[in-house]
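Please keep the sequence and the structure in view while reading the points below.

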Amino acid sequence: MQFPVTVIDQLDEDQLRKWHDFYGVTADRPRFVEEGIWRRTQQEDTAANSGWTGEGDARRRIVHYWHQFGLADTAAAPSLAMQQLYLYHSVAAPRAEIETAWEENHAMLTEGAWKETGPGRFELGDLRVHMMRVEEHPEDLRAGRRLPADYEVIDTTFTSVNTCPPRAIRRRPWEVLTHGVRVKDTPGQPVYADDLAQLAEFLPFQVEVGCGVSYEAGIPPLHRLHEIYHVNEIDDEQLRKGFTFVLAPGRDPLLTEMFLDTENKVDELSHMYRAGFNADVTPALRALKRLEEAGHMVGPFITNNFDALGARAGFQEEFMRRYDQRIPPVTFHPDAKALVVIGLHADRRWVAKRARAAGLKVFIVDPEGFPRPDGSWFAYPLEAPQSGDVVVRRTAADAISGLERILGPGGAEE
């Protein structure tokens with residue numbers, strides 16, 4: 001296993017320009033780091049997903065990744081490469097389960113030809129792994145959390161050679177854990193409309209963009225990351241019932257793949273970054289840019305996406321997907337009368353709440369579902385629409401192009 005790991009071989013001139021303009025250290029906001037955090041816990045509030053049955057159920061699984069990308073020199077032209085890998089996995093479970101997992105992890109390391117370099121330390125080429133087993137985790141002691149008396153914890157940390165994220169970054173998943181379980185919103189009674197015609201009464205508008213335009217650009221939705229990092233079990237049957245958390249420490253799918261199929265798994269860890277870099281600006285984004293130029297839309301362009309599509313379309317992005325701030329501040333333009341939320345689900349709903357508090361009308365564009373690989377439709381209802389909101393069950397491309405036709409060159413419905 002050698003680093004750096006090629007993500008896109010031999011970039012052409014346009015790709016190199018894209019990297020320097022929007023992703024590298026010279027960009028308006030460097031986008032060379034991809035990061036994600038998930039924490040899954042057994043407790044009463046998560047019983048439907050975690051299998052919690054009582055006080056003795058306190059299993060926990062934390063996954064945190066922080067990968068850095070950059071240019072790597074090759075004989076012909078620079079390549080886009082994963083230069084640093086950081087993957088942290090922590091699992092808490094009853095001692096008997098931890099004992100079994102500890103033995104299985106070591107057996108997989110041996111099977112995967114990892115070389116032991118010290119107590120709990122192994123390497124495979126340029127990749128390192130450190131495993132630690134404790135009765136009380138230092139971060140639990142710091143936070144005053146107590147697991148049941150018969151519980152233990154295994155921490156497993158993968159790093160590429162010479163990789164050590166700052167301590168503040170390494171502690172992020174534990175800070176996220178202290179936020180507690182996300183409380184679901186109770187939907188209100190929004191108005192459902194066929195298009196965004198009502199928006200003509202609330203100009204100019206501002207936008208918050210989630211996965212809607214990214215999905216249309218060919219970037220997989222968020223549940224692809226859930227598949228890569230095995231956050232939830234998400235086959236079709238479980239989707240119908242509700243997600244089931246991956247919590248069992250023994251033969252954890254993520255660890256199994258990292259230990260036994262390392263090169264293929266590391267390549268898979270860069271799939272979303274590669275897809276975002278390769279994606280083209282969509283018709284919906286180009287239409288939004290024309291609406292901004294016509295004065296119907298004002299900035300900044302609020303987004304939760306790291307793919308840089310908004311910046312590449314010419315918008316000033318305000319990035320909201322932050323782990324160092326639970327609820328990042330948001331800038332509403334003083335002239336904005338509405339917020340249009342495009343393809344954004346429950347866990348990124350704070351901007352809309354703040355918009356309502358600021359007196360803005362909220363419009364939500366989301367088809368409330370997505371097609372399965374077999375062509376069937378899976379319903380994915382929105383959680384957060386409130387009374388007074390307008391929901392348009394259309395794709396971003398359809399809804400925004402329709403709005404552009406409605407507004408026309410004069411800026412109002414014709």
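**Briefing on the predicted model**

Asn-162 is exposed, because its relative accessible area is 75%, where exposed means over 50%, buried under 20% and partly exposed in between, calculated with a 1.4 Å probe on protein chains only. The structure is a predicted model, in which local features need pLDDT of at least 70 and side-chain atom pairs count only at pLDDT 80 or more, while totals for chains, interfaces and linings use all residues. Residues are numbered from 1 along each chain as its sequence is written, and side-chain values use heavy atoms, with hydrogens and water left out.

**Confidence**

- The protein chain has an average pLDDT of 90, and 94% of the residues score at least 70; pLDDT is the predictor's confidence in each residue, from 0 to 100.
- Over residues 236-242 the pLDDT stays under 50, and the model has nine contacts for them beyond four places in sequence, a contact being heavy atoms within 4.5 Å.
- Residues 410-414 also have a pLDDT below 50, with eleven contacts in the model beyond near neighbours in sequence.

**Backbone features**

- Asn-162 has a phi near 65°, a positive value in a residue other than glycine.
- Asn-162 is placed in the loop between β9 and α5; helices (H or I, at least four residues) and strands (E, at least two) are DSSP runs, numbered from the N terminus.
- Glu-368, which is not a glycine either, has a positive phi of about 55° and is found in the loop between β17 (361-365) and β18 (369-371).
- Glu-368 is buried, because its relative accessible area is 9%.
- The peptide bond from Phe-3 to Pro-4 is cis, with omega near 0°, and Pro-4 is in the segment before β1 (5-8).
- A cis peptide bond, with omega near 0°, also runs from Leu-203 to Pro-204; Pro-204 lies in the loop between β10 (191-193) and β11.

- Phe-205 touches Leu-199, Leu-288, Leu-291, His-296, Met-297, Val-298, Ala-338, Val-340 and Leu-403, not counting residues up to four places away in sequence.
- Helix α13 (residues 283-293) has Ala-284, Leu-285, Ala-287, Leu-288, Lys-289 and Leu-291 buried.
- The elements covering the buried residues of α13 include β11 (205-209), α7 (211-216), β14, α14, β16 (338-342) and α16 (396-407).

**Cavities**

- Two cavities of 30 Å³ or more are held in the structure; on a 1 Å grid over the protein atoms alone, a cavity is a set of points where a 1.4 Å probe fits but cannot get out, a pocket is an open set with protein on both sides within 12 Å along at least five of seven lines, and lining residues have an atom within 4 Å of a point.
- The second largest cavity has a volume of about 30 Å³, a volume being the space filled by probe spheres set on grid points that are joined across faces, edges and corners.
- The lining of the second largest cavity consists of Val-209, Val-213, Leu-285, Phe-301, Thr-303, Asn-305, Asp-307, Leu-309, Gly-310 and Glu-317.
- β14 (301-303) and α14 (309-312) each supply at least two residues of that lining.

**The second largest pocket**

- The second largest pocket has a volume of about 590 Å³.
- Its lining has 24 residues, of which Tyr-86, Tyr-88, His-130, Thr-157 and Arg-170 lie nearest the centre of the pocket.
- β8 gives the largest share of this lining, four residues.
- Elements that each supply at least two lining residues of this pocket include β5 (86-94), β8 (127-134) and β9 (151-160).
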